[in-house]
Amino acid sequence: HVQLVESGGGLVQAGGSLRLSCAASGRTLGGYAMGWLRQAPGKEREFVAAISWSLGQTYYADSVKGRFTMSRDSAKNPVYLQMNSLKPEDTAVYYCVADLALQAIMSPSRSPEIWGQGTLVTVSS
């Protein structure tokens, strides 16, 4: 049984930065792509960023491209989401997710296999 534990959420002013972390515990996630999804109040869940297992290639939603950076350490655990130039519309609960298929993270019609508990990011104007 694997758990994903997020940390780093909080309150920040517009234009500020936060870094989210996600650590897997319980067993290794060999072969799993990892990513971040977010859901704002009253809105649909949306893809934010993902990183492939083998090459560490990163993918981003257009809304965060150039502002957010996903990375991981050499052991591929934990993963991070560096969020810069934050906007009020970035306010949401951010979930760390993992799945063997990258598309399960990136596609709105699919749901990743493994989820963290979520961490709240609030950006004030």
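The side chain of E6 reaches the backbone nitrogen of G118 at 2.8 Å. In this predicted model, local features require pLDDT of at least 70, side-chain atom pairs count only at pLDDT 80 or more, and totals for chains, interfaces and linings use all residues. Residues are numbered from 1 along each chain as its sequence is written, and side-chain values use heavy atoms, with hydrogens and water left out.

E6 is found in strand β1, which spans residues 3–7. Strands (E, at least two residues) are DSSP runs, numbered from the N terminus. The E6 side chain also reaches the backbone nitrogen of C96, at 2.7 Å. Such polar contacts are pairs of N or O atoms within 3.5 Å; within protein, one atom must be able to donate a hydrogen and the other to accept it, and residues adjacent in sequence count only if both atoms are side-chain atoms. E6 is buried yet has no salt bridge. The nearest side chain of opposite charge, R45, is 12 Å away. Here, buried means under 20% relative accessible area, exposed over 50%, and partly exposed in between (1.4 Å probe, protein chains only). A salt bridge places a side-chain nitrogen of Lys or Arg within 4 Å of a carboxyl oxygen of Asp or Glu. For charge, Lys and Arg count as positive and Asp and Glu as negative; His and the chain ends are not counted. Beyond four places in sequence, E6 touches residues including W36, Y95 and T119, contact being heavy atoms within 4.5 Å.

Q3 also lies in strand β1. Q3 is partly exposed, at 46% relative accessibility. Its contacts beyond four places in sequence are A23, A24 and S25.

D99 lies in strand β9. D99 is buried and has no salt bridge; R110, the nearest side chain of opposite charge, is 5.0 Å away. The D99 side chain reaches the backbone nitrogen of E113 at 2.8 Å. A polar atom of the D99 side chain lies 2.8 Å from the backbone nitrogen of A101.

Strand β9 (residues 92–99) pairs with β11 in the antiparallel sense over 3 bridges. Pairing requires at least two DSSP bridges between the strands. A92 stands opposite V121 in β11. Strand β2 (residues 10–13) runs parallel to β11, joined by 4 bridges. V121 is the bridge partner of G10. Strand β11 (residues 119–124) has a covered face of T119, V121 and V123, and an uncovered face of L120, T122 and S124.

The structure holds 1 aromatic pair. Y95 belongs to β9 and W115 to β10 (residues 114–115), 20 residues apart. Rings of Phe, Tyr and Trp (its six-membered ring) pair if their centres lie within 6.5 Å; planes under 30 degrees apart count as stacked, over 60 as edge-to-face and the rest as tilted. W115 is partly exposed, at 30% relative accessible area.

The structure holds 4 salt bridges. R38 and E46 form one, at 2.5 Å, N to O. R38 is buried at 5%, whereas E46 is partly exposed at 33%. D90 also bridges R38, with the closest N and O atoms 3.0 Å apart. This pair links strand β4 (residues 33–39), holding R38, to the loop between β8 (79–83) and β9, holding D90, 52 residues apart. D90 is buried, at 0%. K65 and D62 meet at 3.1 Å, N to O. Salt bridges that share partners join R38, E46, R67 and D90 into one network.
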